[in-house]
Amino acid sequence: MTAPTDTPDTVTTVYQVSGMSCGHCEGSVSGEISEIPGVTSVKAVASTGEVTVVSAAPLDEEAVRAAVDEAGFELAGRA
């Protein structure tokens with residue numbers, strides 16, 4: 001499990017998402033998570049299932065879970 005990486009202005013957290021298999025999946029997950037207030041960057045990688053999220057402050061994991069669910073996938077937790 002990777003702990004969030006904090007800098008003075010951002011927090012980077014890596015989540016594990018199950019079910020992604022292609023670029024469209026990456027886009028769906030990234031798009032939904034990007035709508036969470038405070039998120040500044042999202043990078044989803046289908047081949048590893050990892051989603052790296054950069055935000056202005058730590059995110060509520062339930063908000064991330066709801067966004068991933070909305071995209072049609074399952075948040076397995078933090079990577």
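Q: What should be kept in mind about numbering and about a predicted model?
A: Residues are numbered from 1 along each chain as its sequence is written, and side-chain values use heavy atoms, with hydrogens and water left out. Since the model is predicted, local features need pLDDT of at least 70 and side-chain atom pairs count only at pLDDT 80 or more, while totals for chains, interfaces and linings use all residues.

Q: Which strand pairs with β2 over six bridges, and in which sense?
A: Helices (H or I, at least four residues) and strands (E, at least two) are DSSP runs, numbered from the N terminus, and two strands pair if DSSP finds at least two bridges between them. Here β2 (residues 11-18) pairs with β4 (residues 50-55) in the antiparallel sense over six bridges, with Thr13 having Val53 of β4 as its bridge partner.

Q: How many bridges join β2 to β5?
A: Four bridges join β2 to β5 (residues 74-78), and these strands also run antiparallel; in this pairing, Gln16 stands opposite Gly77 of β5.

Q: How many salt bridges does a search of the whole structure find?
A: Side chains of opposite charge can pair when their charged atoms come close. A salt bridge is counted when a side-chain nitrogen of Lys or Arg is within 4 Å of a carboxyl oxygen of Asp or Glu, and the search of the whole structure finds three.

Q: Which residues are linked in a network of salt bridges?
A: The network links Glu61, Glu62, Arg65 and Arg78. Within helix α2 (residues 61-71), Glu61 and Arg65 are four residues apart, about one turn of the helix, and their side chains meet at 3.5 Å, N to O. Arg65 also meets Glu62 at 3.6 Å, N to O, these two being three residues apart in α2.

Q: How is the relative accessibility of Glu62 classed?
A: Buried means under 20% relative accessible area, exposed over 50%, and partly exposed in between (1.4 Å probe, protein chains only). Glu62, at 49%, counts as partly exposed, as do Glu61 at 25%, Arg65 at 26% and Arg78 at 29%.

Q: Which residues form the negative surface patch?
A: Patch residues have over 30% relative accessible area and no salt bridge, and like charges are joined within 9 Å. Glu35, Asp69, Glu70 and Glu74 form the negative patch, and Glu74 lies in strand β5.

How values were computed
Patches are made of residues with over 30% relative accessible area and no salt bridge: like charges are joined within 9 Å, nonpolar side chains (Val, Leu, Ile, Met, Phe, Trp, Tyr) within 5 Å. Accessible areas come from the Shrake-Rupley method with a 1.4 Å probe; for residues, only the protein chains shown count as cover. Lys and Arg count as positive and Asp and Glu as negative; His and the chain ends are not counted. The place of a charge is taken as NZ of Lys, CZ of Arg, CG of Asp or CD of Glu.
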